[in-house]
Amino acid sequence: MSLAAKLGVERAVILHVDDLAMCHGANRAYLDLAAAGAVTCGSVMVPCPWFREIAEAAATDPALDLGIHLTLTSEWPQYRWRPLSTTSRASGLIDDDGYFWRDVAGLRPHLVPEAAETELRAQIEHARAAGIQPTHIDAHMAAAMLPELIDLHVRLAADYGVVPVLPRAISWAPERASYAEAVARLDTAGLPVIDHFRGTLPVEADQVRQRYRATIEGLMPGITHFALHATTSGEIETIAPAHAGWRTREYALFASGAIGEWLAGSQITAIGYRDIQRLWRAGLRQG
């Protein structure tokens, strides 16, 4: 039976805000949109500067559906973050400036899988200790999908009882073969797998409504994870000026209520990860 059938839906979308804790604007956008019912969940970058804010919000409101955005890279020019678990260059996690590597291409030649596991477990456990009860894990910049880490990614999901966000077909896996094999093993075990993936549309202002509406109305049958990067204005213009426009425009569109109208008009259900987490844990027990 498909995941959609188990959930009793035909077409459903997970409206998921990535990069929480990266800055105050990311947190504010998610909390505003979640309170309005305009998004369903998000994931937290535990090593980032604004972690305490989102952790305190989660501890205050356990209804928030949050995951851990497994973080092994730090991409912005001047705004950086470091591992929680180590300051040692021997870990392979730290660049010449003392921060995470800027991208997966920089990380991979230095990767020490054991050090990465220590760091990712530290991120999950730090989040839990701060009051977040995660429902899922996903991978910032796909680093935790590297072939050296994909089995660890699934093992962490099993160990902590959280859903691994590994959609069935994506074009941006660091290595397609190892990724496909990991997803196939989940299928064979009867564990829930997300069907489809969509992401933030980096489009100009005059195209936002048209492009998002077409994307929403064109969602395929099954479950789609829609990775959003909604952010309020203020810091993002300095942190990432090339990204600021489409992140803040995405926030404004979702805040307008238009997405909810398009979903209702297309009979598409917005869901989060809590019900999927229950299926994941039940599948682990049966296995």
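At 34% relative accessibility, W172 counts as partly exposed. This residue is a handy way into the model, which is a predicted one. W172 sits in the loop that runs between β5 (163-164) and α7 (176-188), while F197 belongs to strand β6 (residues 196-199), so the pair they make ties together parts that are 25 residues apart in sequence. The ring centres of W172 and F197 are 4.9 Å apart and the planes meet at 65°, so this pair is edge-to-face. F197 is partly exposed too, because its relative accessibility comes to 22%, and the cut-off for being buried is under 20%.

What about aromatic pairs elsewhere? The structure holds four of them.

Stepping back to the whole chain, the secondary structure comes to 12 helices and eight strands. The radius of gyration is 18 Å, close to the 19 Å that the globule rule gives for 287 residues, so the chain is as compact as a globular protein of that length. Taken along the principal axes, the C-alpha atoms fill a box of roughly 55 × 50 × 35 Å. Some 56% of the 287 residues count as buried. Looking at contacts between residues at least 6 apart in sequence, 75% of them join residues at least 24 apart.

For α6 (residues 150-160) and α12 (residues 274-286), the angle is about 90° and the axes are 10 Å apart. Angles of 65 to 115 degrees count as roughly perpendicular, and so α6 is roughly perpendicular to α12. On the α6 side the contact is made by A157, A158 and Y160, and on the α12 side by W280, R281 and L284. Sorted by class, this contact has five nonpolar residues, no polar ones and one charged residue.

A158 gives a residue-level view of that crossing. It is found in helix α6, and it counts as partly exposed because its relative accessibility is 34%. Setting aside residues up to four places away in sequence, A158 touches W280 and L284. From A158 to P47 the separation is 111 residues in sequence and 22 Å in space, C-alpha to C-alpha.

A142 is another: its phi is positive, about 70°, although it is not a glycine. A142 lies in that loop between β4 and α6 as well. As for accessibility, M141 is partly exposed because its relative accessible area is 34%, whereas A142 counts as buried at 4% relative accessibility.

Finally, there is V208, whose place is in helix α8 (residues 208-217). Is V208 buried or exposed? With a relative accessible area of 8%, V208 is buried. Leaving aside neighbours within four places in sequence, V208 is in contact with V203, R249 and L253. V208 and A90 are 118 residues apart in sequence, and their C-alpha atoms are 45 Å apart in space.

Methods
Residues numbered from 1 in each chain as written. Predicted model: local features only at pLDDT ≥ 70, side-chain atom pairs only at ≥ 80, totals over all residues. Heavy atoms only, no water. Axes fitted to C-alpha atoms, helices over the stretch in contact; angles between N-to-C directions. Helix = DSSP H or I, 4+ residues; strand = E, 2+ residues; numbered from the N terminus. Parallel < 35°, antiparallel > 145°, perpendicular 65-115°, else oblique. Contact = heavy atoms within 4.5 Å. Nonpolar A, V, L, I, M, F, W, Y, C, P; charged D, E, K, R; others polar. Phe/Tyr/Trp six-rings, centres within 6.5 Å; stacked < 30°, edge-to-face > 60°. Buried < 20%, exposed > 50% of the residue type's maximum accessible area, 1.4 Å probe, protein only. Rg over C-alpha atoms; globule rule 2.2 N^0.38 Å.
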